[in-house]
Amino acid sequence: MRGMRTAPAWRPRARATSSALLLATLIGCAAPAQTPVAAPSATGHGIVAEVATYQLVANQPGRLLVAILTGDNLWLSFGSVDVSFSYLGDAAGTPPPEAAAAARTVADATAQFLPIPGSPEGGDRPPTLTVPADGRGVYAVESITFPAAGYWQVTARGGLDDGSKFSSDAAFSVLAEPSIIAVGALAPHTKHPVLDDLNVPPVAIDSRAVGGKPIPDPELHRTSIADAIEAGHPALVVFSTPVYCVSRFCGPVTDLVAELATEYRDRADFIHVEIYQDFQKGLVNQAALDWLSTPGGDLREPWTFLIGADGRIAASWDTVVTRGEIEPLLRALPIKK
Amino acid sequence: MSLRTRASLANRRSPVSWLSPAVSFALLLSACSSVASPSSGSSLPTARLSASSSGLCQAILALPDMAVTERAFINVAHESLHALAADPRLDRSAAALVLETMARVESDFRASTASPTLAVDLAALRTSTDAALQALGEEVPGCAA
């Protein structure tokens, strides 16, 4: 096995000690906080939770996404689940004194189902275990603020449509400072390849052009971020790699941005920035590095940013974003000059 | 356009199987590493890698029923295909082939009318998938009609 140590064999009884294992690992970890940290535990139906949010920053409202699934590829879909939080320790791995931990509290919340674009919303259905074709998504707390950087644990619990209950924990990190450009910051005037850059391989503009196919969604590849900002246009920018995506969310999110482009092109510019310049060689487009690479060298996809006419980041979404989250912001924009 | 190579980014694929706490432990260890790598983003659960091939087999056998074919692809093969392509033991060119042939199949399913290339694309995806499984020493299930 190249580049990775073989994981130790797992024994069922060790599952009960996963939280202790997590904390012990965190304590031994001196690296800066990165989000997410996976530390799932499961109860009932083999359900596990994992935080899907890429960046949460202390004392700043953020969106928490929790995916809830089973080992046999069923997704918990629809309705809402209850979530509660506990503070595990600071970014240096120091477990908090009991009083400090008690002071670092976050109120319980309700997380609503957020379907991956193209997946059923479920209407009034209660949380239900579904095969991927019938429901895929995450549970979202749209605005939540954590009072301290470090490692936190979310416990998701709820009832299923069969009347049974579940509870599952996942750990994640909260950063002291944003590692990805934050809402309110000036957006970099990034030049990146667009349709008329004849010297750039089409696949570096959109990975779906692999194999000599034409670049799809040309409306997303006509303008660079720099050009939109310099024209004073708002811009909805998605960084994704539809073919080489690891997160599984790039395709649906890119398709959503393309749909919105057809409806709101009179109000904003719409831009897709491909992550890879050459996947096989491991070359990443400079624009993706400039926007998404963290100080630790991590790069996660997809990210979607709304840049205002003033050139500042008006909103950003990691992982999943839905029409319902973006569309009100686009509708509020004036017609472009 | 200015591009740069980051050797660490060449190893962007990490095995993510959060079903196994042992693997989660490995993931936690990797979270402590200062080695840079584009990461998996939201790490989703992965079934056995061989389900990628068996799911494709189910999809192929369901042709020409597009609905059943697509459900077999999405419900059985899809997650395992991503997990297979993300396996760090797999050569990047083999991973690319799996992902590129998978994209062709997904494009076929998105087409408004029945795609005439779906059967060919599914077969190509199964070929690339089986080659990747063999490269990893994983089980390659048969596909008897």
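View 1. By the criterion applied, a residue is buried if 20 or more other C-beta atoms lie within 10 Å of its own, exposed if 12 or fewer, and partly exposed in between, with C-beta atoms placed from the backbone. The model is a predicted one, in which local features need pLDDT of at least 70, side-chain atom pairs count only at pLDDT 80 or more, and totals for chains, interfaces and linings use all residues. Residues are numbered from 1 along each chain as its sequence is written, while chains are lettered from A and ligands numbered from 1 in the order in which they are written. A:Asn59 lies in the loop between strand 2 (47–51) and strand 3 (62–70) of chain A; helices (H or I, at least four residues) and strands (E, at least two) are DSSP runs, numbered from the N terminus. Its phi is near 65°, a positive value in a residue other than glycine.

**View 2. A:Arg248 occupies the loop between strand 11 and helix 5 of chain A.** Phi of A:Arg248 is near 75°, which is positive although the residue is other than glycine. A:Arg248 counts as buried because it has 21 C-beta neighbours inside 10 Å.

**View 3. Four strands of chain A form an open sheet in the order 12-11-15-16, with mixed pairing.** Two strands pair if DSSP finds at least two bridges between them. Strand 12 (269–274) and strand 16 (313–318) of chain A are the edge strands, each pairing on one side only. From one strand to the next, the twist averages 15°. Strand 15 (residues 303–307) of chain A runs antiparallel to strand 16 of chain A, and five bridges join them. Within this pair, A:Thr304 stands opposite A:Trp317 of strand 16 of chain A. Helix 5 (residues 250–264) of chain A packs on the sheet and touches strand 11 (235–240), strand 12 and strand 15 of chain A; contact requires that the C-beta atoms of two residues, placed from the backbone, lie within 7 Å. The direction of helix 5 of chain A makes about 160° with that of strand 11 of chain A. Axes are lines fitted to C-alpha atoms, for helices over the stretch in contact, and angles run from 0 to 180 degrees between N-to-C directions.

View 4. B:Pro64 belongs to the loop between helix 2 and helix 3 of chain B.

**View 5. Helix 2 (residues 51–62) and helix 3 (residues 66–86) of chain B pack at an angle of about 160°, with their axes 7 Å apart.** The two helices of chain B are therefore roughly antiparallel to each other; angles under 35 degrees count as roughly parallel, over 145 as roughly antiparallel, 65 to 115 as roughly perpendicular and the rest as oblique. Helix 2 of chain B passes helix 3 of chain B in a left-handed crossing, a term used if the near helix is turned anticlockwise from the far one by less than a right angle, with right-handed used if clockwise. The meeting residues include B:Gly55, B:Leu56 and B:Ala59 in helix 2 of chain B, and B:Phe73, B:Val76 and B:Leu84 in helix 3 of chain B. The contact of helix 2 of chain B with helix 3 of chain B has 11 nonpolar, six polar and no charged residues. Here Ala, Val, Leu, Ile, Met, Phe, Trp, Tyr, Cys and Pro count as nonpolar, Asp, Glu, Lys and Arg as charged, and the others, Gly among them, as polar.

**View 6. Helix 2 of chain B also crosses helix 5 (residues 118–135) of chain B at roughly 160°, the axes coming within 9 Å.** Helix 2 of chain B is therefore roughly antiparallel to helix 5 of chain B, and the crossing is left-handed. Among the residues that meet are B:Leu56, B:Cys57 and B:Ile60 in helix 2 of chain B, with B:Leu122, B:Arg126 and B:Asp130 in helix 5 of chain B. The residues of this contact divide into eight nonpolar, three polar and two charged.
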